Amino acid sequence: MLRYALLGLVCVTSSVYAQMPHDVIYMPKKTACLAVSYNNSSWKEYWENTLKRENLNIGTLSTESVMPMLAVGLTDKLNVIVGLPYVQTKASAGNLMGQKGIQDLSGWLKYELVKNDKGLSLHGVLGASTPVGNYVPDFLPMSIGLQAKTVTGRLIGNYTHKSGLYITAHASYMYRSNIKVDRDAYQADNRVYNTNEVRIPNATDVALRLGYIKDGSRIQAEAFVDKFSCVGGDNIRRNDMPFPTNNMTATSVGFYGKYQPKNVGLNVRIAKVIDGLNVGQSFSYSVGLLYQINYFKKSEKK
Amino acid sequence: MKNILKYIIITIPLGIGGLLSCDKTITEPVKEAYVPVSLDEKAGTWKTYVLGSANEVPVAAPKASNDAAYLKEIDSLKNKILPAVTAENKKAVVYWGAGSVYRWNEIARELAARYNLAPAANAEGKYPVPDAANPLADPKFPFANPPYTARALAYLSVAQYDALVSAWNYKYKYNRKAPSKNDASISALLPVSDLPSYPSEDAVVAAASYTILVAMFPGEVPYLDSKLAEAKNARVWAGANVPSDITAGDALGKAVGAKIMAKAKVDGMSAANNQALTAGMVENAKKIGVKNPWVSQETPARPPMLPNYGAVTTWNFDRPTLEKIRPIIPYLENSAEFQKDIDELKVIEKNQTREQARIANYWADGAGSYTPPGHWHRTAANAAHEAKYSEVRMARTLALVGTALMDAGIACWETKYYYYTPRPQQFGVKTSVGLPNFPSYTSGHSTFSSAAATVLSSIFPDQASKFDEQAKEASNSRVYGLIHYRVDCEMGLVHGKKIGDYAIARGKADGSGY
């Protein structure tokens with residue numbers, strides 16, 4: 001959820017999981033994986049509406065986050081994933097104060113709907129997030145999040161060849177709640193709203209991944225393209241700062257790799273926004289430390 | 001552990017269910033029509049700002065109530081216009097029913113917000129100056145910053161007030177009753193008082209407001225044309241006026257509006273952005289002892305906002321008074337007091353509380369907002385609406401507050417460029433609200449807020465402590481937002497109070513008896 005909440009001009013950050021809400025890997029029943037990831041995302045240029053520009057009074061805006069997350073195999077076909085990031089932002093130029101704090105708690109349920117013996121499978125994902133920190137959502141691009149509660153529904157289709165090569169596609173729809181801001185009047189949609197309630201547009205997300213997976217996901221490498229789009233929203237006005245109501249769109253390409261020979265593993269992700277609207281053209285990378293726990297199994301054996 | 005997971009599994013779908021039922025419609029406060037607590041029958045004698053007298057613009061006598069032409073109008077209203085009123089028309093009636101002065105003030109604030117964006121630097125690193133002759137080019141004209149907005153709203157409110165005083169004069173001179181009082185079979189869609197209907201106060205306000213706003217926001221003529229037409233039609237659709245009430249009001253409003261704009265054209269605003277003066281201002285500041293005068297913190301450096309706005313003509317006091325009440329020199333760099341103010345900011349910067357951030361954000365009224373003057377106009381308009389003021393008394397309230405706000409802007413700007421002091425950002429402090437591009441001392445927010453709160457407290461004494469608290473909070477917000485020293489804010493409050501007192505003195509002597 002982090003990556004979407006932050007999509008503003010903030011960044012397109014990634015969550016790093018041993019298994020993720022957008023892949024088809026499951027923790028086996030009664031196992032869990034704890035991952036702690038560090039993410040760094042930065043941009044120098046951004047799209048002010050359709051105008052690609054830089055801002056000498058921001059310089060490079062960077063967002064760093066640390067996110068512990070836990071994936072648990074409830075059954076072999078049903079996993080739950082929860083995560084809670086700490087985020088901080090900084091501008092390299094100008095005088096806007098960086099923001100930091102605990103962001104939004106997110107939880108996902110991933111379920112294998114269909115799987116045949118030819119390597120085809122279909123999965124359903126249900127996610128939700130809620131802000132935990134009382135951060136300021138409308139001091140964009142410095143804000144660490146948007147304060148919206150979200151609910152996401154996602155379908156993932158996958159084909160994995162015997163050789164380990166795979167292709168995955170997903171499509172999601174995200175409902176995002178309205179938010180409250182500190183001011184009681186603001187401008188959006190080319191008018192003034194006399195209230196502290198701000199409408200956050202809903203969003204969609206589609207992605208395609210091509211990769212290779214081996215040894216029950218001990219080794220994984222993939223390239224991906226991902227498009228996040230708001231459903232409606234307004235545009236950043238000429239020389240204005242972004243606002244939570246903006247129609248933010250970003251297409252990113254990237255690479256993801258994982259190596260987890262035993263209980264302990266590592267994953268890395270890099271991504272770059274190649275096209276967008278009302279967002280920063282961010283480059284991001286993340287590194288995650290993975291640790292698989294067989295806690296439940298052990299405790300049951302006793 | 002298992003229990004926690006169970007909890008999560010149960011709560012995710014529950015949370016989803018709860019959220020999906022949520023409606024994303026934004027609800028805003030609704031303003032309704034009312035019968036004013038007083039009709040202010042004598043308002044035709046109140047002292048005007050620009051008009052020499054309430055008779056300066058002549059309005060011909062209306063046709064008598066038994067005249068064939070008038071009876072024809074009544075007949076047409078009853079049998080043609082009202083039966084044809086659509087649901088869409090009724091929406092317009094309800095909207096304008098909240099009050100003509102109220103709505104035009106709101107429209108002006110919205111325009112100010114839409115035009116409150118600083119020009120972007122061009123490829124050469126220069127900031128093009130908005131061009132009134134080409135208002136929709138980039139950058140758009142105007143850049144409706146706080147001084148610009150203070151002035152636009154002041155002229156708007158003065159035009160509404162002078163036009164309404166004049167209208168009240170003719171209303172009680174000619175005493176034409178409202179259509180539904182002349183013909184009981186006409187049922188109006190809005191509450192109808194005993195206020196004479198000729199000339200229509202709504203048309204007067206609409207035409208006067210339109211005349212000011214097309215001059216202040218020349219890129220918005222089509223939008224304002226549609227608002228003007230709707231405002232006038234709504235009164236007829238409501239059954240509250242006949243077309244001849246509207247026509248006479250429209251002509252009076254336009255004529256008064258033109259007289260107000262003629263004054264505006266020569267008030268010195270055209271020279272407010274005279275950047276050639278800044279070198280001398282900086283020199284003066286150095287002479288007084290300001291070691292590091294203000295410099296733009298933007299890249300590329302942006303010329304300061306309206307450095308000669310301080311020379312614009314004030315409303316409620318003269319130039320010698322302006323100079324006499326100018327705040328004394330602030331603490332200078334290297335003094336213990338200055339260090340104390342900087343230290344306060346550094347502590348906040350390191351550990352700004354969420355409440356401090358909230359206050360800073362609530363009062364920021366920065367780019368894309370209707371600015372602090374707009375904020376206080378909104379407060380004044382809402383207070384007058386709540387008090388069920390007549391149109392003319394509401395206009396008086398806004399004119400008193402609006403002229404005080406413009407005077408506050410002028411006097412504060414004169415102070416700012418007289419001392420030309422550096423912002424805290426010149427000493428490495430960051431901001432959580434964005435940094436205005438002009439010298440620090442005194443705080444504009446403090447001066448504006450104190451002036452407006454002083455006037456409002458005099459008009460609504462039962463709410464004085466509330467307004468006073470709001471002004472103090474607005475003032476503090478600039479320290480919490482880290483863009484002003486404490487002394488900027490405290491001295492701004494004192495200055496604003498004096499400025500507000502001059503508006504009150506004017507109000508006490510305007511013949512209204514309030």
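Helices (H or I, at least four residues) and strands (E, at least two) are DSSP runs, numbered from the N terminus.

Residues are numbered from 1 along each chain as its sequence is written, and chains are lettered from A and ligands numbered from 1 in the order in which they are written. Because the model is predicted, local features need pLDDT of at least 70, side-chain atom pairs count only at pLDDT 80 or more, and totals for chains, interfaces and linings use all residues.

Chain B has 18 helices and zero strands. Its C-alpha trace spans about 80 × 75 × 50 Å along the principal axes. Of its 514 residues, 50% count as buried (20 or more other C-beta atoms within 10 Å of the residue's own, these atoms being placed from the backbone; exposed if 12 or fewer, partly exposed in between).

The largest nonpolar core has 168 residues. Such a core is a set of buried Ala, Val, Leu, Ile, Met, Phe, Trp, Tyr and Cys residues joined through C-beta atoms within 7 Å. Its largest share, 17 residues, comes from helix α15 (residues 391–419) of chain B. Leu405(B) is among the residues with the most contacts inside this core.
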